Amino acid sequence: MTHDEIGAWWSNSLTRIAPGEIELRGYPVQDVIGRHGFIEVVWLMLRGELPDPARARMLEAAMVSGVDHGPQAPSIAAARMAATCGLGLNNAVATGVNLLGDVHGGAGQQCVALLDRMAELRSEGADVDEVAGSIVAEYRERGGYVPGFGHRFHPKDPRRDPLLTMVREAVEEGLVDPGPLESALALEKALAERRGRPVPMNIDGATATVYASLGFAAELARGLFVLSRSVGILAHAWEESNSGARIKGPLPRAVLAGYTGPGTRAPGAQNGTNGAVEAGPPAD
């Protein structure tokens with residue numbers, strides 16, 4: 001294998017290194033440090049160019065909004081339990097992050113995909129309210145939840161309005177496509193009409209509107225949420241690791257989980273006969 005073939009094995013367009021040199025997407029790292037913020041570098045690494053200040057501010061707001069939602073969130077709780085089991089911060093954070101799947105953590109990606117689908121239908125001439133109504137009906141028929149709307153805890157998610165206000169201002173200034181915001185609001189309206197009560201966007205729907213407006217792919221929406229929530233996971237794991245508690249489970253020690261299995265059995269009991277074994281049919 002030639003030197004060029006070996007070099008091509010992990011060839012990439014992100015980072016160039018050489019003795020005494022590191023470049024991120026073509027920018028020498030010494031020129032980036034102290035000049036560009038973390039969010040700008042996130043955009044640079046994912047998109048290839050540095051963002052303008054307004055778009056960087058929108059991305060930062062979305063990522064700040066998803067940092068934490070308290071220890072009742074499974075990802076946070078798992079990280080705290082891991083910390084009390086003596087695991088290091090890297091293991092505790094990984095434990096929390098690994099819980100961010102389709103159900104807990106994936107709604108943002110699903111909502112961006114839904115907004116992308118609506119954009120495609122609208123590009124073919126469909127009315128936004130009609131598209132939203134048909135999608136809500138589709139989810140209703142299969143008994144599913146429209147991702148990014150409603151919240152099991154908050155009647156209205158306090159993170160919705162600041163994010164949507166930023167998107168609305170960016171639309172008015174001509175910085176982003178109005179489509180994602182129009183589609184998200186149409187879904188919110190269709191859900192309210194169908195349910196007969198408000199079903200506001202939650203954090204997943206609001207951040208999805210930001211990410212879609214900024215042109216991020218749906219799968220990256222989950223990646224950005226994971227990056228955001230990792231901050232909260234790290235903070236909770238660090239706090240719990242300094243609490244002195246050992247092996248904290250999901251319930252306080254005074255509370256035992258309910259049991260729904262068989263009652264206590266006598267020694268040797270089989271098949272609910274309390275030790276008596278039923279005779280089989282007579283042998284031939």
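Biologist: How far can I trust the numbers?
Modeller: This is a predicted model, so local features need pLDDT of at least 70, side-chain atom pairs count only at pLDDT 80 or more, and totals for chains, interfaces and linings use all residues. Residues are numbered from 1 along each chain as its sequence is written, and side-chain values use heavy atoms, with hydrogens and water left out.

Biologist: OK. Where does Arg160 sit?
Modeller: In helix α9, residues 160-172. Helices (H or I, at least four residues) and strands (E, at least two) are DSSP runs, numbered from the N terminus.

Biologist: Is Arg160 buried or exposed?
Modeller: Arg160 is buried, because its relative accessible area is 13%. Buried means under 20%, exposed over 50%, partly exposed in between (1.4 Å probe, protein chains only).

Biologist: Which side chain does it make a polar contact with?
Modeller: That of Asp161, at 2.4 Å. A polar contact is a pair of N or O atoms within 3.5 Å; within protein, one must be able to donate a hydrogen and the other to accept it, and residues adjacent in sequence count only if both atoms are side-chain atoms.

Biologist: New topic. What about the strands?
Modeller: Three strands form an open antiparallel sheet, in the order β1-β2-β3. The edge strands are β1 and β3, each pairing on one side only. Two strands pair if DSSP finds at least two bridges between them.

Biologist: How many bridges join β1 and β2?
Modeller: Four, between residues 15-18 and residues 21-24. Ala18 stands opposite Glu21. The two strands form a hairpin with two residues between them, and Gly20 in the turn has a positive phi of about 80°.

Biologist: And β2 with β3?
Modeller: Two bridges, again antiparallel; β3 covers residues 27-28. Glu23 stands opposite Pro28. This hairpin also has two residues between its strands, and Arg25 takes a positive phi near 55°.

Biologist: Last one. What lines the largest pocket?
Modeller: 37 residues, with Gly150, His151, Arg152, Asn202 and Asp204 nearest its centre. On a 1 Å grid over the protein atoms alone, a pocket is an open set of points where a 1.4 Å probe fits, with protein on both sides within 12 Å along at least five of seven lines; lining residues have an atom within 4 Å of a point.
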